[in-house]
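The following report is meant to be read with the sequence and the coordinates at hand.

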Protein chains: 2
Amino acid sequence: MTDQTLGAAHRTLRDEVTAELRRRILSGELAQGERLVEDRLAALLGVSRNPVRESIRVLAAEGFVQVVPRIGATVARLSVEEGEELFDVRMAIEGLAARLAARKRTPGSADRLRRVLESAKEAVEQGRLDDVADLNTAFHLAVGEAAGNSYLNLMMTPMLQRAQWVFSQTAAARGPHSWSEHLSLYEAIAAGDEDEAQARAVAHVAAARRSFLSAVDRAHDQPHEPHDQPHEPLDPAGEASGPARHPARGPVGPAHDPAP
Amino acid sequence: MTDQTLGAAHRTLRDEVTAELRRRILSGELAQGERLVEDRLAALLGVSRNPVRESIRVLAAEGFVQVVPRIGATVARLSVEEGEELFDVRMAIEGLAARLAARKRTPGSADRLRRVLESAKEAVEQGRLDDVADLNTAFHLAVGEAAGNSYLNLMMTPMLQRAQWVFSQTAAARGPHSWSEHLSLYEAIAAGDEDEAQARAVAHVAAARRSFLSAVDRAHDQPHEPHDQPHEPLDPAGEASGPARHPARGPVGPAHDPAP
DNA sequence: CTTTGGGACACTGTATACAAAACCTCACAG
DNA sequence: CTGTGAGGTTTTGTATACAGTGTCCCAAAG
């Protein structure tokens, strides 16, 4: 229910803006901590402020944006700790999803899983990396749908998008392991083996966690004292945070062109 | 992060409206499936449409409201199936929360849990039923906070509110069992016994599920053939759904006074 | 009596306008 | 040189206005 539009009968500006902002956050075009000025976004996307404001509320509820009243909205910051925390939640949720998917499997749901897997395989072979990431998320989401639990799905969609964000922000790639793990999870689900499905889903997420952690370690293998800082930022490019004492109200003058 | 206002430094109308609408939904003042007409709500609460609209987006992301573009927003409907589904998710999430709370317990977090328990005990003894429900939710939420996982908490807040909604809509009360189960969960957490804490949290939710199911059965112990209807409504009062073929656009004339 | 078409109404989607708060700059005093 | 306060600008919060779409009612034809 990502865009709150069920039938997608009519595509509203707010839904398009929400999707676009989310895309830019996931892709890193909008960096962590970056200020989201309503006027600027509205002008940038060619709409008025209202759709932008409503989008920001949705993204805040999903955890991609942080809103402070009277101050403004910023792209959320991902600390290493928060990145790691997500994996605990994923193991619980996706383990449940896999178990239920195995329990309630139908020919239709199994088909859909297989189709996503095949699309992902194609994308891997053709080297379309962005699509691989999207299809990875799509597979996990398809497991959630196969579980046939509407509230579970309501939670999983933003959770998986956040997971994708964590990975893209870490430059942590998951190589070919991910593929075979997906395949084996699919097989357990298709076989209706609940315990095995849950175990494989949990193992898969645990493996993803290891990839994440090693990517983080690799990133800053500076002398790293056992980090005293309560929240170590998880950033792809050098943060660029100049003086700016608050959430970062941008420079007043030019107001655009963040990197000369 | 329920109201997206972290420090609550400034209380915006949108936050107040969100809280008020959520309260009315949980209390049943706004019934399942009831139309949420922006103009009417705005007039009712003495604000303009904008805060109302933004609130509706937030409540939709939390799953309390369903939005169909160009048609309008309605209070979500809770089928018995959806009510039951929630318990599966809760067992996974709250089991994890209890485990983490036990692992990361501190004197401070244990204190807070105990304080909530004592407040709840008082409320029970004084027969303040609404407060009991709120404090019940507060205890579960406090376990989540003790777990020290920010994303887990982001999910738990709406989840627990939804759980409270399910119970209030079912007239399913949990009696004194709930209290002792909370106490025993607290003890496992305070003792730092992860396995036991998780087990007790899961058992507690499972017990809640049984209360829910028996309340549902009790409610309509009509001859109930093994319900063929895909979604059996979960409603407190008789649904009142007259003809109205769509989400229920109210009578055009008087425009208020839903129940003559 | 049922069905179909037109017109009126209600509501949402979007844009614009105004008020208030917060921030930044800069000057001035210590 | 550093702290502090006033003024102006930016930006959010809220309200109002307008356009388009969907729905309902009712009349007229079959």
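Predicted model: local features only at pLDDT ≥ 70, side-chain atom pairs only at ≥ 80, totals over all residues.

## The nonpolar core

The largest nonpolar core has 128 residues, and those with the most contacts inside it are Ala97(A), Ala101(A), Ile189(A), Ala97(B), Ala101(B), Val143(B) and Ile189(B). As a general background, nonpolar side chains tend to be buried together in soluble globular proteins.

## Overall make-up of chain A

Chain A contains 9 helices and 3 strands, which follow one another along the sequence in the pattern α-β-α-α-β-β-α-α-α-α-α-α. Of the 260 residues in chain A, 38% are buried. Among the contacts in chain A with a separation of 6 or more, 73% are accounted for by residues 24 or more positions apart.

Phe167(A), found in helix α7 of chain A, counts as buried because 21 C-beta neighbours lie inside 10 Å, where 20 or more are required. Leaving aside the neighbours within four places in sequence, Phe167(A) is in contact with Ala172(A) and Phe212(A). Pro233(A), by comparison, is placed in the segment after α9 (194-219) of chain A, and its 14 C-beta neighbours inside 10 Å make it count as partly exposed, a class that lies between the limits of 12 or fewer for exposed and 20 or more for buried.

| C-alpha pair | Separation along the chain | Distance |
|---|---|---|
| Phe167(A) and Glu94(A) | 73 residues | 17 Å |
| Pro233(A) and Val80(A) | 153 residues | 6.3 Å |

## The strands

In chain B, 3 strands form an open sheet in the order β1-β3-β2, with antiparallel pairing. β1 (35-36) and β2 (65-68) of chain B stand at the edges with a single partner strand each, so one side of each is left without a neighbour in the sheet. The pairing of β1(B) with strand β3 (residues 72-75) of chain B runs over 2 bridges in the antiparallel sense, and within this region Leu36(B) stands opposite Ala73(B) in β3(B).

In chain A, strand β1 (residues 35-36) and strand β3 (residues 72-75) likewise pair in the antiparallel sense over 2 bridges, and Arg35(A) stands opposite Thr74(A) in β3(A). The antiparallel pairing of β2(A) and β3(A) extends over 4 bridges, where Val65(A) has Val75(A) in β3(A) as its bridge partner. The hairpin of β2(A) and β3(A) has 3 residues between the strands, and in this hairpin Arg70(A) takes a positive phi near 70°.

## The two domains

Chain A is divided into domain 1 (13-75) and domain 2 (80-219), whose C-alpha centres lie 27 Å apart. The contact between these domains of chain A takes 7 residues from domain 1 and 7 residues from domain 2. On the domain 1 side, the largest share, 4 residues, comes from helix α1 (residues 13-27) of chain A. By class, that side has 2 nonpolar, 3 polar and 2 charged residues.

## The contact between the chains

Chain A and chain B each give 33 residues to their contact. On the side of chain A, the elements that give two or more residues are α3 (49-62), β2 (65-68), α4 (80-103) and α7 (150-170), and the largest share, 9 residues, comes from α4(A). The residues of this side of chain A divide into 18 nonpolar, 7 polar and 8 charged.

How are the two copies placed relative to each other? Chain A can be laid on chain B with an RMSD of 0.0 Å by a turn of 180° and a shift of 0.0 Å along the axis, and the two copies are thus related as by a two-fold rotation axis. The same surface serves both copies, since 100% of the contact residues of chain A recur in chain B.

Note on methods. Residues numbered from 1 in each chain as written. Chains lettered and ligands numbered in written order. Domains from an automatic or database assignment. Contact = placed C-beta atoms within 7 Å. Nonpolar A, V, L, I, M, F, W, Y, C, P; charged D, E, K, R; others polar. Pairing = 2+ DSSP bridges. Least-squares fit on C-alpha atoms with pLDDT ≥ 70 in both. Core = buried A, V, L, I, M, F, W, Y, C linked by C-beta atoms within 7 Å.
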